[in-house]
Amino acid sequence: MSVISADLFNNVSHFMGTNPVVQGLLQPILIFSVVFHFVWGMYLEYQNTQAREVKYAMYKGSANATWMSRNMIISGLAVLAFLCLHFYDFWIPEINVKYIQGDMSGKLPNGDYRYHEELVHKFAGQPIRVSLYVLSFVMLSLHLLHGFQSSFQSVGFNNSKYTPIIKKLGNIFAIAVPAGFVVVALVHFFAH
Amino acid sequence: MSTIDNKVPHGKPLKDTWTSYKDKVDLVNPANKRNLDIIVVGTGLAGGSAAATLAEQGYNVKAFCYQDSPRRAHSIAAQGGINAAKNYQGDGDSTYRLFYDTVKGGDYRSREANVHRLAEVSANIIDQCVAQGVPFARDYGGLLDNRSFGGVLVSRTFYAKGQTGQQLLLGAYSAMNRQIARGKITMYNRHEMLDVVIVDGKARGIITRNIVTGEIDRHSAHAVVLGTGGYGNVFFLSTNAMGSNVTAGWKAHKRGAYFANPCYTQIHPTCIPRSGDYQSKLTLMSESLRNDGRIWVPGRKEDVDAIRNGSLKPTQIAEENRDYYLERRYPAFGNLVPRDVASRAAKERCDAGFGVNATGEAVYLDFASAIVRYGKEQATIKGEKNASESRIKELGKDIVKAKYGNLFDMYKQITDDNPYETPMMIYPAVHYTMGGIWVDYNLMTTIPGCYAIGEANFSDHGANRLGASALMQGLADGYFVLPYTIGAYLSYDIRTGPISTDSPEFEAAEKEVTKNMEFFVNNKGTNSVDYYHKKLGNIMWEKCGMSRNEKGLNEAIDEIAALREDFWKNVSVPGYANELNPELEKAGRVADFLELGELFAKDALDRNESCGGHFREESVEVGGPQDGEAKRDDKNYAYVSAWEYKGKPSEAVLHKEQLEFKEIELKQRSYK
Amino acid sequence: MKDMNLTLKIWRQKGANDKGKMIDYQVAGISEHMSFLEMMDVLNEQLINSGDSPVAFDHDCREGICGSCSMFINGEAHGPVKGTTTCQLHMRSFKDGDTIYIEPFRAKAFPVLKDLVVDRSSFDRIQRSGGFISVNTSGNTQDANALPIPKQDADLAMDAAACIGCGACVATCKNSSAMLFVGAKISQYALLPQGQVESKTRAQNMVAQMDAEGFGNCTNTGACEVECPKGIDLSNIARMNREFLGGSLKG
């Protein structure tokens with residue numbers, strides 16, 4: 001949206017940033033889920049490493065499983081690191097402006113919505129940040145490539161008819177969504 | 001020589017004997033069962049099912065196996081199926097027919113009453129296993145599927161893919177697990193029984209070695225059950241598991257249990273041949289292959305040589321230069337002659353120098369003509385009138401694949417040959433031992449309180465076992481026979497109280513076992529255990545195998561005795577007694593095989609008749625249509641040889657159990 | 001057809017409480033027709049004859065069904081060939097001059113007893129916690145054909161029941177998870193009407209025992225399915241999860 005129309009992006013952002021349902025209900029749920037996912041994921045990872053005390057001298061993981069599936073902790077931690085950056089870039093300033101300074105208008109002093117302007121500002125002329133963003137989304141993609149279909153298996157859904165479809169959808173989702181974000185970062189970097 | 005009492009109840013017709021026995025047998029009060037301990041050694045189909053059932057009845061069971069889990073007992077390797085007189089296919093099967101087939105298949109050397117009981121309980125086994133969750137094959141209507149097996153005229157064989165033994169064993173294992181969880185079975189994995197302890201003339205316990213720590217332990221009980229399988233590994237190479245052994249049975253024999261028909265061994269015709277001297281075991285392929293495969297060797301010596309040196313491929317040998325020896329010798333049955341006949345004929349050709357692999361011990365099993373036959377049939381069905389030769393082969397291969405695909409894959413995995421393109425190579429191998437510890441109708445050995453079940457005993461298969469009958473017998477003994485018969489004995493033991501392991505008998509037995517172990521690890525000889533085992537196997541195979549004669553057997557007796565003497569002087573066992581020491585385990589087992597082997601030869605020498613799988617060269621038909629075929633001698637040899645131990649195998653004393661056939665008329669087997 | 005000379009790097013460990021390490025051995029004259037275990041026999045004969053202690057390893061049927069053999073060969077459970085146990089692996093899968101790593105199946109729940117021998121009794125304990133149908137073996141059951149079972153279900157149950165309990169799934173899983181093994185047993189019974197009755201509690205009990213044994217968790221890498229010598233399908237784990245969740249939600 002930010003690529004297509006600055007106004008549209010601003011409107012949607014303002015809606016999401018001030019709507020009580022989004023802010024009061026969905027945001028905490030999302031934050032809780034994400035935190036739960038991290039904590040639980042890392043706890044399980046800890047258990048998993050404990051389950052083999054002596055490591056193999058020779059272990060050919062690539063012979064039987066994809067890199068993505070074997071390295072969820074790496075892609076996951078990378079995404080976590082990205083989230084920290086993202087929070088630092090956007091979320092903390094947002095919270096600061098909205099809830100600490102109490103400015104719910106979402107406007108710049110000149111009367112325009114600030115969201116698009118801030119977004120562009122973060123990327124334009126910031127090659128390191130843009131690279132980090134791009135890299136993070138590649139990691140997210142890898143995480144989702146395994147994670148999407150894996151979640152179905154974990155809750156007990158595995159069906160000879162539907163599982164192949166889920167895997168395909170998962171692959172599309174896992175590539176398309178991060179790719180979209182990558183485009184945002186790249187467009188703003190190159191366009192400004 | 002004396003005769004022995006088999007305790008078969010008299011006075012009722014055969015078909016009512018077991019029912020009437022069950023009605024009248026002494027039962028043990030449930031409250032008293034709690035005070036009775038039973039040791040079960042071996043956790044295959046027989047031992048596993050017995051342990052589970054006895055525990056369920058309320059006895060305290062201690063079960064032992066040398067494997068790391070009861071689930072790994074060698075019953076697991078049985079492929080084909082299990083017989084049961086269910087008559088689900090409506091093809092005229094009945095208890096009587098199964099009974100008749102089994103007695104006839106055993107060449108009239110099994111005990112009628114036991115076999116009839118086996119046939120009676122067979123149907124119940126299937127019900128039981130289905131209730132336990134054994135996934136037998138089913139048809140599209142959801143009902144159980146059957147197949148015909150081993151040349152019988154009815155379809156009575158139930159199967160679970162090619163893994164019937166595995167599934168039945170896992171069923172018994174699950175029943176055991178349920179009782180282990182309830183605390184009614186105490187399970188001892190990786191424990192090997194090394195002696196049975198007799199107190200006041202009764203079996204009261206065993207001595208075991210913990211295979212992991214080497215500890216020698218005493219275990220007491222009111223009765224001891226041996227479900228320890230067969231002794232085919234006396235031949236070194238067999239289809240048995242590497243650990244399969246005779247030790248438990250042999251120790252019982254040395255303590256007073258008679259050993260019956262040791263020379264009765266089944267040699268299976270369709271095994272994958274040995275590829276070199278390093279070979280450690282042989283792999284069986286289902287007999288069903290003979291339904292479509294044609295067996296042959298080259299008819300000319302020069303072709304044999306060319307094949308052995310690799311300059312000629314079997315497919316290049318013209319039809320007229322092939323010797324389809326089974327079809328030639330047995331036009332009526334051809335490639336479907338019984339196991340013993342097929343095995344002997346293969347060995348005869350190979351001994352005559354026509355064997356087709358580097359070792360000279362292999363014959364071809366060829367599917368080329370079956371592929372063409374099925375291919376033509378399919379072309380007709382599909383309306384392809386002018387199908388090319390390659391198209392016909394393609395269609396035919398599909399059918400063969402559907403029927404035998406898993407066997408072909410297994411063959412390819414082991415030999416790296418593609419049996420769709422080139423004939424398979426097969427050779428007979430030792431597969432099952434019909435002989436075993438002598439038991440009466442109650443499955444009790446001649447040691448009071450010591451029972452033998454499954455392949456470890458001798459009773460049901462006579463001189464030759466039919467396909468899909470071993471699984472049936474193991475489960476019948478364990479689930480349905482022993483749990484009744486053992487009560488008759490234990491009902492006299494309810495006031496005995498716990499058996500102490502501090503008695504001098506236990507102490508002496510433990511001392512002897514320990515002494516033996518110490519001897520092995522301290523001997524520091526020059527030859528490995530396998531060196532002796534291989535030598536023994538070679539003597540057994542050459543002189544006590546499919547075809548035997550007096551001279552060879554006498555030589556075998558001397559050679560084995562000499563080999564045994566050498567073993568006790570020069571065997572070398574590395575490591576210590578108090579650790580996990582596989583060489584030490586083997587040493588103990590081979591020591592017993594070296595004694596059993598001699599008794600085996602002695603028994604074969606005594607049996608101057610050809611019967612079942614055993615061809616005695618002095619006992620052949622002369623003249624007439626059966627000229628040169630095996631001649632059974634019912635007049636002189638319709639008995640069970642039960643050997644009593646007297647210090648060493650050469651001095652074993654023969655007791656005869658005369659076999660009576662009330663229901664069945666003795667007939668000559670003819671496959672011409 | 002030339003005989004092979006090989007370098008073997010084998011884990012040697014004297015006993016359960018000793019420290020182990022990889023040791024190099026040379027074997028010569030190995031035929032391509034030998035099975036992997038026969039190659040090990042050659043090595044052991046060589047070690048015995050030179051007064052060394054032979055390598056202990058579990059093996060029994062040597063026809064791929066008992067599930068005893070348990071070697072981790074060149075980084076893979078049961079070696080490089082798929083759908084195969086170690087005993088059915090043949091030396092033709094290797095080349096003259098190769099170096100072969102041979103290690104025990106490793107997991108906290110499979111402690112090493114000696115060299116390549118591990119203790120898999122944790123599997124037995126899981127089975128004991130619920131891997132059965134609670135039916136008496138008295139023989140007073142209904143007729144086997146009284147309850148038709150759809151062929152598809154029976155076949156799926158058979159596929160799940162083909163598990164030989166070797167532990168390759170655990171050994172190969174980066175998390176040492178036993179879910180394929182447990183899932184297979186739960187599935188076999190869940191698919192059959194006889195086992196359906198106690199299916200949910202069975203799943204609860206077996207999973208609890210599995211966790212207590214110290215196996216890791218499933219992250220659905222699918223390695224177990226690939227390395228399983230009997231081709232047990234990953235869908236069995238999903239079925240276990242389903243039965244387990246169903247059991248968790250039940251009052």
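**Entry 1: strand pairing in chain B.** Before I looked at partners I needed one rule: two strands pair if DSSP finds at least two bridges between them. I also noted that the model is predicted.

I began with strand β10 (residues 259-260) of chain B. It pairs with strand β20 (residues 639-644) of chain B in the antiparallel sense, over 2 bridges. I then checked one position and found Ala260(B) opposite Ala642(B) in β20(B).

Next I followed β20(B) to strand β21 (residues 653-658) of chain B. These two are antiparallel as well, with 6 bridges. Here Trp643(B) stands opposite Leu654(B) in β21(B).

**Entry 2: an open sheet in chain B.** In what order do the 5 strands of the open sheet run? I read β11-β15-β14-β12-β13 (chain B), with antiparallel pairing. The edges are β11 (265-271) and β13 (322-323) of chain B. Each has a single partner strand, so one side of each is left without a neighbour in the sheet.

β11(B) and strand β15 (residues 424-433) of chain B pair over 5 bridges. Thr265(B) has Thr433(B) as its bridge partner in β15(B).

A helix also packs on this sheet: α10 (residues 339-354) of chain B. It touches β11, β12 (294-298), β14 (363-366) and β15 of chain B. Its direction makes about 70° with that of β11(B).

**Entry 3: two helices in chain A.** How do α5(A) and α7(A) lie relative to each other, parallel or perpendicular? Helix α5 (residues 115-123) and helix α7 (residues 163-191) of chain A pack at an angle of about 80°. Their axes are 8 Å apart. Angles of 65 to 115 degrees count as roughly perpendicular, and α5(A) and α7(A) are therefore roughly perpendicular to each other.

I listed the residues that meet. α5(A) brings Leu119(A), Val120(A) and Phe123(A). α7(A) brings Ala185(A), His188(A) and Phe189(A). By class, this contact has 5 nonpolar, 1 polar and no charged residues.

Entry 4: I counted 9 helices and 7 strands in chain C. Its C-alpha trace spans about 65 × 40 × 35 Å along its principal axes. Of its 251 residues, 62% count as buried.

Then I checked the length of helix α9 (residues 235-249) of chain C. At 1.5 Å a residue, its 15 residues should span 21 Å. Its end C-alpha atoms are 21 Å apart, which agrees.

The buried residues of α9(C) include Ser235(C), Ile237(C), Met240(C) and Phe244(C). What covers them? The cover includes α6 (127-154) of chain A, together with α3 (151-161), α5 (179-190) and α7 (199-212) of chain C.

**Entry 5: where the chains meet.** Which of the 2 pairs of chains in contact share the most contacts? I found that chains B and C do. There, 65 residues of chain B are in contact with 65 residues of chain C. On the chain B side, α6(B) gives the largest share, 9 residues. By class, that side has 25 nonpolar, 26 polar and 14 charged residues.

Last, I checked chains A and B. No contact joins them, and their closest C-alpha atoms lie 20 Å apart.

Notes: Residues are numbered from 1 along each chain as its sequence is written. Chains are lettered from A and ligands numbered from 1 in the order in which they are written. This is a predicted model: local features need pLDDT of at least 70, side-chain atom pairs count only at pLDDT 80 or more; totals for chains, interfaces and linings use all residues. Two residues are in contact if their C-beta atoms, placed from the backbone, lie within 7 Å. Helices (H or I, at least four residues) and strands (E, at least two) are DSSP runs, numbered from the N terminus. Ala, Val, Leu, Ile, Met, Phe, Trp, Tyr, Cys and Pro count as nonpolar, Asp, Glu, Lys and Arg as charged, and the others, Gly among them, as polar. The expected span of a helix is 1.5 Å times one less than its number of residues. A residue is buried if 20 or more other C-beta atoms lie within 10 Å of its own, exposed if 12 or fewer, and partly exposed in between; C-beta atoms are placed from the backbone. Axes are lines fitted to C-alpha atoms, for helices over the stretch in contact, and angles run from 0 to 180 degrees between N-to-C directions. Angles under 35 degrees count as roughly parallel, over 145 as roughly antiparallel, 65 to 115 as roughly perpendicular and the rest as oblique.
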